[in-house]
Amino acid sequence: HDVCKMLALSCLDLMVELDPHGHWISFLSARGYLKFLIDSLLAADSELVELLSPAAMTLRPLYVYESKMALLCRVASTPSGAELVLEQNCLASLSTMQVFDSHPDIAPRYPQSRLNSMELDFVPSVSSRYLQLLSPALALCQTIISSLGVENQSAVSQVMHFLLSHGDMVTQVLRCGSPFLQLNYLKELQQLTAVIARATNQEVVRITREGCGDKSLMLESTSHFHKIQKLMLALLGRFVLSETTLKDLTSSADPDRSDRERRAEVILTFMQISGNLVMYARNLVSSSGLDKPATSVILQPSLLEPNIIDKKETS
């Protein structure tokens with residue numbers, strides 16, 4: 001039965017992709033299928049939480065979830081589709097899902113044995129399962145922003161609300177950020193920093209600081225926002241590309257990195273994270289209008305040389 005669901009969702013994904021006029025997207029929305037699909041994500045939250053248990057009996061809910069998120073990303077790849085996804089409160093539903101608050105501990109270094117590598121497990125580890133859950137959600141946020149643009153404050157605000165709703169998870173990933181993480185965790189950090197960077201501008205900063213009517217929610221959101229800002233800026237010093245860092249990345253003791261293609265992927269991910277962090281700092285400083293001078297100072301002057309934190313040695 002779950003296989004039939006995945007096949008049906010894959011067929012819909014293909015039909016939406018082949019429809020240049022968006023008729024299938026309009027059909028899915030008008031008939032209520034899009035809303036039902038989004039509501040089913042929230043209904044499956046408890047099953048997805050159980051997947052993160054080492055004693056999980058089946059992984060079928062994970063694969064059905066991935067198929068649903070792939071279809072939503074396809075729908076959101078057009079401006080009209082992205083607007084429909086937001087109108088159906090997709091990001092609001094993802095914001096209330098508890099599964100994203102169950103991030104496993106991040107391994108500070110590579111395992112010594114290839115047999116323990118997450119990518120080589122026949123049955124995905126708990127960490128791999130979580131990344132398979134979080135990655136589509138971050139990809140959906142990226143797709144919505146790409147379709148509607150960073151100038152669309154409604155889209156950007158909803159993406160930021162999703163991040164702040166799972167602020168503990170976000171701060172955990174940023175706090176453990178290092179160039180020497182496992183490649184899967186590096187990719188997670190790359191996705192997360194990209195979403196944060198693109199969803200940050202002066203208007204979002206103002207809205208977050210002003211908050212809403214509920215003072216407790218305002219204080220919690222503001223607290224998470226400032227933690228994210230502090231951690232993002234702290235990562236700038238860790239992801240400065242230098243000859244020493246490049247040498248350490250390419251000569252890692254991990255056996256999987258002996259492959260040239262894999263080393264190139266690690267370096268590419270490192271540079272993408274570095275670019276995301278610079279973009280974040282730029283968006284944080286720049287004003288929302290051309291006629292307004294920049295007034296935000298985010299970096300303090302220092303005469304000390306920045307130290308690259310090597311998780312391999314400090315763990």
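**Exercise 1.** Which residues form a nonpolar patch on the surface, and what is their accessible area together?

*Solution.* In this predicted model, the nonpolar patch on the surface is formed by W24, F27 and Y33, which together have about 280 Å² of accessible area. Ring pairs also link W24, F27 and Y33 into a cluster.

**Exercise 2.** Determine how many aromatic pairs there are, and classify the pair of W24 and F27.

*Solution.* The count comes to four aromatic pairs. One of them joins W24 and F27, with 5.6 Å centre to centre and 80° between the planes; because planes over 60 degrees apart count as edge-to-face, the pair of W24 and F27 is edge-to-face. As for the positions in the chain, F27 lies in helix α2, which covers residues 23–30, and W24 and F27 are separated by about one helical turn because they are three residues apart in helix α2. W24 counts as partly exposed because its relative accessibility is 31%, and F27 is likewise partly exposed, with a relative accessible area of 31%.

**Exercise 3.** Classify the pair of F239 and F270, and decide whether each residue is buried or exposed.

*Solution.* F239 and F270 form a tilted aromatic pair, with 5.2 Å centre to centre and 35° between the planes. This pair links distant parts of the chain, 31 residues apart, with F239 in the loop between α13 (215–238) and α14 (243–250) and F270 in helix α15 (residues 260–285). Since buried means under 20% relative accessible area, F239 is buried at 1%, and F270, at 1% relative accessibility, counts as buried.

Conventions:
Residues numbered from 1 in each chain as written. Predicted model: local features only at pLDDT ≥ 70, side-chain atom pairs only at ≥ 80, totals over all residues. Heavy atoms only, no water. Patch = residues over 30% accessible without salt bridge, like charges linked within 9 Å, V, L, I, M, F, W, Y side chains within 5 Å. Areas by Shrake-Rupley, 256 points an atom, 1.4 Å probe, with all protein chains shown as cover. Salt bridge = Lys/Arg side-chain N within 4 Å of Asp/Glu carboxyl O. Helix = DSSP H or I, 4+ residues; strand = E, 2+ residues; numbered from the N terminus. Phe/Tyr/Trp six-rings, centres within 6.5 Å; stacked < 30°, edge-to-face > 60°. Buried < 20%, exposed > 50% of the residue type's maximum accessible area, 1.4 Å probe, protein only.
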